[in-house]
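User: I have a model open and would like to talk it through before I set anything up. Could you take me around it?

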Amino acid sequence: MSGNIRLLSDTLARAKSEDRAALVAYLPAGFPTVDGGIEAIKAVFDGGADVVEVGLPHSDPVLDGPVIQTADDIALRGGVRIADVMRTVREATLATGKPVLVMTYWNPIDRYGIERFTAELAEAGGAGCILPDLPVQESAVWREHAEKHGLATVFVVAPSSRDERLAEITAAGSGFVYAASLMGVTGTRESVGAQAQDLVGRTRATTELPVCVGLGVSNAEQAAEVAGFADGVIVGSAFVKRLLDADDHAAGIAAVRALACELAEGVRKR
């Protein structure tokens, strides 16, 4: 079975045809439980998200701030496994018909096996993978298997990336480019910063791929700001925080659905 890179590309193209940015949400698998995480993803889609990134919980995160680290720790202590990540992708995709990616560090894939991971992700209906710590120059084997199984390979670029490096990264990627709005880890912030707009402009000069901005966006106003210059707005920590702060599971589900509604309105106000 082939993965859903086409569904991802079509979804981002549809948002562009509607003269808006896409809303891309992030939630880790297994948080607060595997079933609860699947329910949260469905709620986020129901609220207006176009794409969801499912985080593969990792004990030694590089890009993730304290909010997502807390959620990952809960998931890991709950016994989440890669099989649960695949189940999360499968059930979310089947229930919504919308593109679901996995965001993961490289070590779990390396230990699991590239062919096994890509084959299972494609079978689950996944659209691809975001790989924040896989160097492009070491990614050929991964990209070969991902392409064979119809999966996108999304790389991360940062404000520190030089133009020649941006060109190297975007030439190797597919699906979209993840532009980190600032130098730092995930988390909500008061402002997204001018660096993000500059990075999007420099990245677009090297590729036809959509450029989606993440790190720092937490409300409709910030989403509208980023939607003014990016093809997609990525929100993670704000969703996770809604679940962490909720009094119970039902309240958490309602809270992430409501946030998705607010952000979906924001990306349409660009």
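User: How many bridges join β4 to β5?

Analyst: Three bridges join β5 to strand β4, residues 128-130, and the two run parallel; within this pairing, Gly128 stands opposite Ala152 of β5.

User: And β1, is that buried or exposed?

Analyst: Strand β1 covers residues 22-28, and seven of its seven residues are buried, so it is largely enclosed by the rest of the structure. Both of its faces are covered, with Ala22, Val24, Tyr26 and Pro28 buried on one side and Leu23, Ala25 and Leu27 buried on the other.

User: What does β1 pair with?

Analyst: β1 pairs in the parallel sense with strand β9 (residues 232-235) over four bridges, where Ala25 stands opposite Val235. Five bridges join β1 to β2, again running parallel, and there the bridge partner of Leu27 is Val54.

User: There's a Glu in β2. Where is it, and why does it count as buried?

Analyst: That is Glu53, which lies in strand β2, residues 51-55. Glu53 counts as buried because its relative accessibility is 1%, where the cut-off for buried is under 20%. Leaving aside neighbours within four places in sequence, Glu53 is in contact with Val24, Ala25, Tyr26 and Leu27 as well as Leu101, Met103, Ile130, Phe176, Tyr178 and Ile234.

User: Switching to Lys42, what does it touch?

Analyst: Lys42 lies in helix α2, residues 34-47, and touches Glu91 and Ala95 when residues up to four places away in sequence are not counted. At 34% relative accessibility, Lys42 counts as partly exposed.

User: What about the core, which residues touch the most other members?

Analyst: The largest nonpolar core has 90 residues, and those touching the most other members are Val44, Phe117, Trp142, Phe176, Val233 and Phe239. Helix α12 (residues 249-267) supplies the largest share of this core, seven residues. As for Trp142, its contacts beyond four places in sequence include Trp106, Phe117, Cys129 and Leu134.

User: Now the whole chain: how many helices, and how compact is it?

Analyst: The protein chain has 12 helices and nine strands. Its radius of gyration is 17 Å, close to the 18 Å that the globule rule gives for 270 residues, so the chain is as compact as a globular protein of that length. Buried residues make up 57% of the 270, and the accessible surface comes to about 11,000 Å², with 48% of that belonging to carbon and sulfur atoms.

User: Back to confidence, where does pLDDT stay under 50?

Analyst: The protein chain averages a pLDDT of 93, and 93% of the residues score at least 70, but pLDDT stays under 50 over residues 183-189. The model has 28 contacts beyond four places in sequence for residues 183-189. Where pLDDT is low, predicted coordinates should not be read in detail.

Definitions and conventions: Residues numbered from 1 in each chain as written. Predicted model: local features only at pLDDT ≥ 70, side-chain atom pairs only at ≥ 80, totals over all residues. Heavy atoms only, no water. Core = buried A, V, L, I, M, F, W, Y, C linked by side-chain atoms within 4.5 Å. Buried < 20%, exposed > 50% of the residue type's maximum accessible area, 1.4 Å probe, protein only. Contact = heavy atoms within 4.5 Å. Pairing = 2+ DSSP bridges. pLDDT = per-residue confidence, 0-100. Rg over C-alpha atoms; globule rule 2.2 N^0.38 Å. Areas by Shrake-Rupley, 256 points an atom, 1.4 Å probe, with all protein chains shown as cover.
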